[in-house]
Amino acid sequence: MMFPPLVDSFGRIHTSLRVSVTDACNIRCRYCMPEFVKGFLPQDQLLSFESIERVVRVLAKSGIKKVRLTGGEPLMRQNLAQLVKRLASIEGLEQIAMTTNGMLLPPMVHQLAEYGLTHVNVSLDTLREESFRKMSRRNGIEQVIAGIESALPTKMVVRLNALVLRDINLDDCIPLVEFALERCLFIRFIEFMPLDADRQWSRDQVVTGDELRAILETRFGPLVPLERADPAQPATDFGFAGRTERSGGVGFIDPVSKPFCESCNRLRLTAEGKFRNCLFGREEWDIRQAVESGVSDDAIYTIVANCVGAKYASHGISTSQFLQPPRAMYQIGG
Ligand code: SAM
Ligand code: SF4
């Protein structure tokens, strides 16, 4: 049986689901987590792999085509490859992606690829240990780089994500692009959003995509706009004169300076089983209790359709009514 597409009241069709598998992480990025965490969700409060599979199976029948595993750090979830294997068996899913800090990738990367992970985005904000320590309050840039290198020989599509904070890693943007191009990768810069646990977000720390682009053009020459592969993709991608798309490029995700809510097709499921229709939403729809009590596929679909139906037109970061959501990025799933 198929279900109707997940369309909100503004006509946006939802085809992409981000599944957080844990709120735990092995580092403490200052734009995401607090330095000291009171405690992560206990194992028995996490949505089980069986339940995640069940929910995704229902949603694939209503047009969800892409699942992205995230967290916290998704590789902190035990046996993550087993979840990938379950998801890969679902008819209708075209992409199973993961966003990771990469540090735990090397021993698992081949199994993840073999079991059906198609895309891996590794977050890389700097190449220098000193600024890595300032950003993540931990050591380990070598581990991140080893994680990236480990994924390159697999058949998975590898991309890099970078976040720039004006006072910490602005000088890293050119070396980061050089690093990406040396490996024929795309690197996408995402603007700092008010989702940090410490609530230290301020507009002067945000380096906009336009500002980064101007800096990069001083080193690489004019960036060449690329056609949008997917109209709902949040990134605007660019190549470089004299280089083909296959040899890498750069993208900008500008939720603060150029909100892209109009084309948003994304839904989120938190690690403990709450559906959210927006990163900045303040309402959640619990699915865990329903799934664990053995409800029908119809009932699962209805909960998610209600969540989609209640979606606002826009996150409103720049409005005077904006309120930072009670959860930080690591508790939602980025
Ligand atoms: N731990 C994994 C990682 O870092 O890639 C996955 C989860 S993390 C929350 C997902 C993405 O969210 C990362 O690329 C990170 O840079 C981004 N992120 C975290 N906090 C953010 C914030 N306040 N504004 C914008 N992006 C943020
Ligand atoms: Fe961990 Fe990712 Fe948040 Fe950094 S951004 S603290 S790696 S969850």
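Author: We start with burial: buried means under 20% relative accessible area, exposed over 50%, and partly exposed in between, with a 1.4 Å probe and protein chains only. The structure is a predicted model, in which local features need pLDDT of at least 70, side-chain atom pairs count only at pLDDT 80 or more, and totals for chains, interfaces and linings use all residues. Residues are numbered from 1 along each chain as its sequence is written, chains are lettered from A and ligands numbered from 1 in the order in which they are written, and side-chain values use heavy atoms, with hydrogens and water left out.

Reader: Does D8 count as buried or exposed, and why?

Author: D8 counts as buried because its relative accessibility is 5%. D8 sits in the loop between strand 1 and strand 2 (13-14); helices (H or I, at least four residues) and strands (E, at least two) are DSSP runs, numbered from the N terminus.

Reader: Which polar contacts does the side chain of D8 make?

Author: A polar contact is a pair of N or O atoms within 3.5 Å; within protein, one must be able to donate a hydrogen and the other to accept it, and residues adjacent in sequence count only if both atoms are side-chain atoms. The D8 side chain reaches the backbone nitrogen of F10 at 2.8 Å, and a polar contact of 2.6 Å joins it to the side chain of R12. Contact in the wider sense means heavy atoms within 4.5 Å. Leaving aside neighbours within four places in sequence, D8 is in contact with H14, V308 and K311.

Reader: What can be read in the same way for T22?

Author: T22 is buried, with a relative accessible area of 5%, and is found in the loop between strand 3 (16-20) and helix 1 (49-60). Its side chain reaches the backbone nitrogen of A24 at 2.9 Å. Beyond four places in sequence, the contacts of T22 include G72, E73, A271 and Y330.

Reader: Which residues come nearest to ligand 1?

Author: A residue is near a molecule or strand if one of its heavy atoms lies within 4 Å of it. Of the 18 residues around ligand 1, the nearest are Y31, G72, E73, S123 and M193. A polar backbone atom of Y31 is 2.8 Å from a nitrogen atom of ligand 1, and a polar side-chain atom of E73 lies 3.2 Å from a nitrogen atom of this ligand. A backbone N or O atom of T100 lies 3.2 Å from an oxygen atom of ligand 1.

Reader: How do the residues around ligand 2 divide by type?

Author: Ala, Val, Leu, Ile, Met, Phe, Trp, Tyr, Cys and Pro count as nonpolar, Asp, Glu, Lys and Arg as charged, and the others, Gly among them, as polar. The shell around ligand 2 has six nonpolar residues, two polar and no charged. Among them are C25, I27, C29 and N101.

Reader: What should I look for in phi?

Author: Most residues other than glycine have a negative phi. R137 has a positive phi, near 55°. R137 lies in the loop between helix 4 (129-136) and helix 5 (141-151) and counts as buried at 14% relative accessibility. C184 also has a positive phi, near 60°. C184 is in the loop between helix 7 and strand 8 (186-190) and is partly exposed, with a relative accessible area of 41%.
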